[in-house]
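I opened this entry to record what I looked up in one chain. The notes follow the order in which I checked things.

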Amino acid sequence: MARTNVTAPVPKSDPLRFDALVVGAGFSGLYQLLCLRDRLGLSVKVLEAGAGVGGTWYWNRYPGARCDSESHSYCYSFSEELWREWEWSEKYPGPPEIMRYLNHVADKFDLKRDIRFNTKVESAHYDEKENVWRVATHTGDTYTTQFLITAVGCLSTANVPDIPGLETFQGKWYHTGHWPHEGVDFRGKRVGQVGTGSTGIQAAPVIAETAKHLTVFQRTANYSVPARNGPLTAEFKQWIKDNAEEIRNTMHAAVNGHPFLLSETLALSVSPDEREAIYEKAWETGGLRFRGAFRDLVTSNEANATAVAFLKRKIREIVKDPATAEKLANIDHPYAAKRPPIDTDYFETFNRDNVDLVDIRADPIERITPAGIRTKSGADYPLDILVFATGFDGMTGSLLKMDIRGRDDLALKEAWAAGPRNYIGLQVAGFPNMFMVTGPGSPSVLCNMPVAIEQHVEWITDCIAHLRSEGLTRIEPKEEAVESWIAQVNAAANATVLPQAKHSWYLGANIPGKPRVFMPYAGGMAHYRKICADVAARNYEGFTLT
Ligand code: N01
């Protein structure tokens with residue numbers, strides 16, 4: 001990638017004028033700042049709503065929170081020195097360790113001096129005459145920038161369901177995505193948890209350890225595979241240091257950016273006994289590697305059905321009460337059609353005396369009362385604390401929350417009224433010089449995030465370097481390129497079982513009124529990387545450069 005100083009920074013006469021503004025100081029924003037400032041020599045400012053770096057990890061500090069990518073792959077790989085000096089303690093680190101890592105990166109590369117914390121971006125309007133973006137913050141400042149890069153994360157806008165009566169609740173309620181930094185004391189409390197996605201599946205076992213009683217309100221039953229978390233051995237830590245290149249090459253070759261490849265075997269090409277043995281081994285290994293047991297698990301319904309049968313049987317074996325086991329195993333979607341959670345003792349938690357499961361598909365929540373939750377049948381569940389593990393307005397929520405307007409005052413909200421439209425997940429037609437890091441239309445959430453992030457950030461950096469070295473000032477995609485990309489995103493999704501999960505946030509189905517469009521690019525990270533590289537190599541084919 002380009003590392004030369006392409007042009008001198010703009011004069012600092014206007015302290016709010018920059019070559020590039022980056023929104024968000026998580027994994028994406030930090031690396032984007034480093035690339036544009038230190039490799040291209042641009043003047044850059046990062047605007048961040050939180051009081052520190054970390055993005056999703058700054059906000060998601062709920063009990064049981066952990067990364068589901070293996071730690072040695074859930075980090076940057078651009079710096080050999082950084083790779084060698086940092087040591088992860090566990091296979092799946094939690095927020096404190098990931099926050100320590102991101103602060104270490106920010107300090108090592110002296111990034112914090114160019115980040116303005118506690119600053120929410122309210123609007124970003126493109127001024128065509130001057131070819132700049134004007135970015136207004138909640139503090140009343142207006143920044144001016146040539147390039148606007150949104151590094152807002154895919155899962156940052158909490159979805160608190162609109163359940164009548166919440167305002168009357170006499171206890172305390174929390175959303176997992178905005179967890180109080182001082183923590184929540186569950187001791188002696190009757191806790192209700194709504195939601196059984198990746199978050200709820202991580203939170204329930206930990207809440208149950210200290211709460212007097214936990215009631216889990218389940219709308220959609222979910223698969224989960226044991227994470228098998230544990231400390232990393234000294235040998236493994238050394239192996240990570242010594243094999244940086246091999247690990248990186250594997251992550252770049254893998255469909256999902258993880259440090260392992262999918263098996264080459266098709267699920268139905270082996271005998272039932274052999275298949276069972278492979279699944280057993282994958283279950284023992286645990287984590288997302290289970291998903292790699294057979295090559296065709298997400299591309300063939302027949303193959304997927306064999307995983308479904310195995311995983312449902314595991315639930316029935318673990319959960320002692322048959323009625324509870326049936327509710328947990330009554331899963332209505334193919335395995336991995338929703339993001340496959342990994343857990344530590346999730347199903348085992350329902351064997352505890354202080355935990356109950358309520359099937360709110362069968363008996364929906366009618367309202368929240370001052371004392372707890374009431375369901376349609378009239379059953380009352382008295383609660384002291386209510387935990388919403390109800391997910392996010394994924395992929396587009398954080399972008400659309402800002403009033404982003406492109407050429408001719410076109411609002412992004414309007415441009416995306418029927419769902420997100422862009423070219424290779426990076427740029428929207430009519431919004432020149434605005435780039436999205438891991439936005440819709442890119443592999444993003446289907447990929448190990450740091451791998452997707454590094455590819456996007458480096459592509460954007462190279463693109464800006466190209467513009468400046470060629471004396472060009474503007475890039476935006478052509479409408480026909482957008483059309484063609486949307487067709488490719490749809491085709492990639494339809495070649496998998498992923499769109500078959502009716503209640504998936506991948507489809508926007510968890511947010512009332514949101515257009516139902518499969519948002520991430522499901523064609524694989526390795527293939528996507530090549531598409532982006534080819535576009536750049538063909539002089540940014542599909543874009544107009546002026
Ligand atoms: O959110 P979700 P999440 N009434 O949307 C239920 C990443 N992540 O925070 O399926 C009742 O998956 C909803 O039910 P349904 C990961 O990418 C990663 O768990 O809509 N229930 C569902 O059960 C993940 O996919 C990690 O019927 C309601 C749950 O709430 C993404 O974040 C850890 C409801 C929401 O599940 C989001 O996961 C955690 C309502 N009105 C998260 N509205 C790791 O790295 C929603 N629900 C391990």
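How many residues of domain 1 are in contact with residues of domain 2? I counted 28 residues of domain 1 touching 37 residues of domain 2. The model is predicted, and I kept that in mind throughout.

**Domains.** I took the bounds from the domain assignment: domain 1 covers 16-67 + 93-157 + 394-545, and domain 2 covers 166-388. Their centres, taken over C-alpha atoms, are 28 Å apart. The two domains bury about 2,700 Å² between them, with carbon and sulfur atoms giving 53% of that area. On the domain 1 side, I noted that Tyr 62, Pro 63 and Val 497 supply 22% of the area buried against domain 2, more than any other three residues. I looked for salt bridges between domain 1 and domain 2 and the count was 0.

**Sheet.** I traced an open sheet of 5 strands with parallel pairing, in the order S7-S16-S8-S9-S12. Strands S7 (172-175) and S12 (355-359) are at the edges with a single partner strand each, so one side of each has no neighbour in the sheet. From one strand to the next the twist averages 20°. I found 4 bridges between S8 (residues 190-194) and S16 (residues 385-388); Val 194 is opposite Phe 388 in S16.

**Helices on the sheet.** H5 (residues 198-210) lies across S8, S9, S12 and S16, at about 175° to S8. H10 (residues 322-329) touches S9 and S12, and its direction makes about 50° with that of S12.

**Confidence.** I read an average pLDDT of 96 for the chain, with 98% of the residues at 70 or above. Residues 1-11 fall below 50, yet this stretch has 31 contacts in the model beyond near neighbours in sequence.

Key: Residues are numbered from 1 along each chain as its sequence is written. This is a predicted model: local features need pLDDT of at least 70, side-chain atom pairs count only at pLDDT 80 or more; totals for chains, interfaces and linings use all residues. Side-chain values use heavy atoms; hydrogens and water are left out. pLDDT is the predictor's confidence in each residue, from 0 to 100. Contact means heavy atoms within 4.5 Å. Two strands pair if DSSP finds at least two bridges between them. Helices (H or I, at least four residues) and strands (E, at least two) are DSSP runs, numbered from the N terminus. Axes are lines fitted to C-alpha atoms, for helices over the stretch in contact, and angles run from 0 to 180 degrees between N-to-C directions. Domain bounds come from an automatic or database domain assignment. Buried area is the accessible area (1.4 Å probe) that two parts lose on being put together, summed over both. A salt bridge is a side-chain nitrogen of Lys or Arg within 4 Å of a carboxyl oxygen of Asp or Glu.
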